[in-house]
Every structure is written in structure tokens, then in C-alpha cells.
Amino acid sequence: MFSKNLKYYRLKQNMSKKDLAAACGITSMAITNYESGIRTPDMQTINKLASVLGVHVVDFIASRNSGLEFEHKEFRKTTQLTKAQQEYIRESVEEYCSRFFDAVDFLGGNQLPIPPKVDCLKISNNRQEDAISLRKWMGLPVSGPVDDLIGILENNGFIIMLLDIENDHFAGMNGMVNEYPYIVVNKNIRQERLRTTVAHELVHLMFNWAGHTDDKLNEKYATAVAGSFLITDGDLQRELGIKRTRLTKDLSMVCREYGVSMYLLVKRAVQAGIMSESLETEFNIKANQAAWRKHEPNRVRIKEYPRLFEQLVYRAINEEGISIQKGVELLQMSYDEVFEHCGQMEVLG
């Protein structure tokens with residue numbers, strides 16, 4: 001899998017084929033041939049490539065799980081990501097899933113829930129009805145906070161990946177791998193936005209968008225349903241009352257309880273008829289002056305992150321006898337971090 005690994009690490013370093021070729025003293029056509037698998041470089045060239053990309057030679061020759069089939073959803077037509085950035089995100093998903101399913105295979109291959117059926121919910125064009133429909137499909141109460149959304153999805157057969165990418169233009173994307181839906185989210189966005197992004201991608205996955213061809217309208221509607229999913233109209237009326245005419249400090253308590261940003265809470269209150277659009281405008285002016293678009297105070301009580309992959313690897317080490325070093329390679333963590341979760345539990349009394 002040298003070809004896939006080379007492309008992945010080149011894109012990770014944000015290098016073009018031309019730039020990498022020049023740094024290694026070869027032609028860009030050679031890089032194209034290496035990445036397409038037409039040719040394999042000699043050891044001297046491999047060492048040069050590894051040195052320029054800042055990786056070990058063993059990273060290039062690391063095997064990839066060959067039993068995976070991917071269906072990556074298209075990026076929105078309005079995306080500001082370059083073609084290379086889009087390729088990097090797709091390659092990152094495939095590299096991650098290769099390690100993920102390797103861990104599954106070490107445990108016998110039957111450790112995941114039955115994959116959920118996607119595209120199964122009908123769009124009613126009523127954001128609140130569709131949000132409730134999604135909650136019911138997930139077996140959640142029709143009102144109240146949705147705590148640990150990532151954990152709930154992992155327990156329902158979704159693969160969730162956090163991608164370490166410093167790019168504000170990327171929030172999330174979804175797709176399929178071996179019948180399992182995946183959601184990849186920018187690891188560096190704020191927790192409230194992360195939860196909203198996961199919900200947004202979930203809406204895209206679960207609803208049948210056949211016949212809905214306007215990307216801009218689809219995005220707007222998916223955002224509306226995701227917001228209503230995280231905090232319903234009933235929740236808003238119970239928490240805020242029937243009418244709000246001022247922006248008061250107690251709104252922060254509602255944000256913390258439901259794990260949403262103040263921007264989303266105010267927007268949802270307007271949608272539910274609890275706040276006026278003029279009050280939303282007043283809030284937006286004040287929030288923008290305080291630079292909340294990037295630096296809004298964190299109000300999420302418990303940080304959410306995917307746990308399933310780590311759990312699978314630690315179980316494989318402790319029960320199936322794979323080495324800690326193999327666990328380090330799968331999780332791409334330090335030896336000490338992996339070692340800490342391995343071995344016999346000590347009962348203290």
C-alpha cells in the first residue's frame with residue numbers, strides 16, 4: 001500500500017506533486033506513477049520521500065485493510081476547500097478506517113452493531129417534525145438534552161472520526177464504508193459546533209434527499225433540523241418561556257444543559273417564536289463585537305469524542321494478545337498512553 005500511503009502523507013504535508021518531486025530531485029510524473037501504483041521507487045528514493053515528508057520508511061510500507069469499500073459523499077458545491085484539501089480529507093478517512101477495521105478484525109470481525117439503514121427517513125419539510133422523527137428513530141426521548149451524541153451514534157453503528165486539520169472552511173463530512181455510515185468532523189472546532197456538525201451530518205445521512213436538488217436549500221434545511229434535534233421547540237418553551245424580550249444571563253444555563261452555542265440558542269428561539277428577529281440582530285452585533293464567532297465561551301459540560309476505536313484496540317491487546325506496540329501503531333498514540341490502559345486491573349480496598 002505504498003501508493004496510498006505516499007499520497008496520504010503528501011496531502012497531509014500540504015505538498016503538491018510538483019513540490020515533492022522538486023524536493024526529492026525527481027519528476028512530478030514519477031510521483032504520479034508512484035501514487036497510482038504504476039511504479040515503485042527504489043529504496044534510495046523511498047528514503048528521500050520519507051525524509052522530505054517527515055515520516056519513517058515503515059510508515060510508507062504499512063499495510064492497509066484491503067477489504068474496505070468507500071462511498072464518500074460529495075463536498076458541498078459551495079465549499080471553499082481546494083481539490084487537494086478535499087482529497088486529503090478523503091484519504092484521511094480511508095487511512096483511519098483501515099486502522100479501525102484492523103482492530104475489528106483482530107477481535108474476530110463481529111464487534112460492531114448491525115449497520116443502520118441510511119436514507120430511511122422521509123423529509124416532511126417541517127423542521128420540528130423531522131427532528132422528532134430522527135429522535136424517535138434513534139430511540140431518544142422526544143424532548144430534553146441529547147447528551148454524548150457521539151457515544152450514542154457509535155453504539156448505533158456509526159463510525160465517528162475527528163480529523164486534526166487546521167482549516168476553518170472544513171467542519172464535517174459523511175459517507176459510507178462497508179455499509180457503515182461514517183461522520184468525520186474537524187477536531188479543532190469548538191465543542192458546541194462539533195455537536196451541531198455531527199447532528200447536521202446525521203441529518204444528511206438519515207433522510208432521503210431524492211428530489212431535493214438545491215444544495216443551498218438542502219444545507220439550510222439540514223441545519224434547521226439539526227438545531228431542532230439538539231433543542232426542540234418544546235424544550236425552548238419549557239426553558240425560556242413563551243416570550244423573551246431581553247438577552248439575560250440565564251440563557252447561558254440553557255446552553256450548558258443542551259450543549260449548544262448561544263448563537264444556536266438565539267436562532268432556535270426566533271424559529272420557535274419566542275424571540276424577535278430584532279433581538280437576534282441585537283445579540284449578533286454584541287456577540288460579533290466580542291469575537292464570539294471564534295471565541296465564544298465554552299459551555300459544554302462534558303467534552304465529547306469517539307471512544308469505540310480505543311476500546312477495540314485495548315480489548316484486542318488485553319484479550320487477543322496483540323502487542324502493545326501494535327496498539328501504538330493502530331491508535332497512533334505514545335507507548336505510555338497505550339500501556340496505561342493495558343494489563344490486569346488492581347482492586348483497591
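Which residue in strand 4 is the bridge partner of phenylalanine 70? That would be valine 177. Keep in mind that this is a predicted model.

**Who pairs with strand 4**
- Strand 1 (residues 70-72) is joined to strand 4 by 3 bridges, and the two run antiparallel.
- Strand 5 (residues 180-186) also pairs with strand 4 in the antiparallel sense, over 6 bridges.
- For methionine 173, the bridge partner in strand 5 is valine 184.
- Strand 4 and strand 5 form a hairpin with 2 residues between the strands, and asparagine 178 takes a positive phi near 50 degrees there.

**Helix 14, a helix with two sides**
- Helix 14 runs over residues 277-289, so to speak 13 residues in a row, and spans 18 Å from its first C-alpha to its last, close to the 18 Å expected at 1.5 Å a residue.
- Its buried residues are Leu279, Glu280, Phe283 and Ala287.
- These residues sit on the same side of helix 14 because they cover an arc of only 100 degrees around the axis.
- Helix 13 (262-271) and helix 15 (292-295) are among what covers the buried residues of helix 14.
- After helix 14 comes alanine 291, with a positive phi near 60 degrees.

Terms used:
Residues numbered from 1 in each chain as written. Predicted model: local features only at pLDDT ≥ 70, side-chain atom pairs only at ≥ 80, totals over all residues. Heavy atoms only, no water. Helix = DSSP H or I, 4+ residues; strand = E, 2+ residues; numbered from the N terminus. Expected span 1.5 Å × (residues − 1). Buried < 20%, exposed > 50% of the residue type's maximum accessible area, 1.4 Å probe, protein only. Arc of directions from axis to C-beta. Contact = heavy atoms within 4.5 Å. Pairing = 2+ DSSP bridges.
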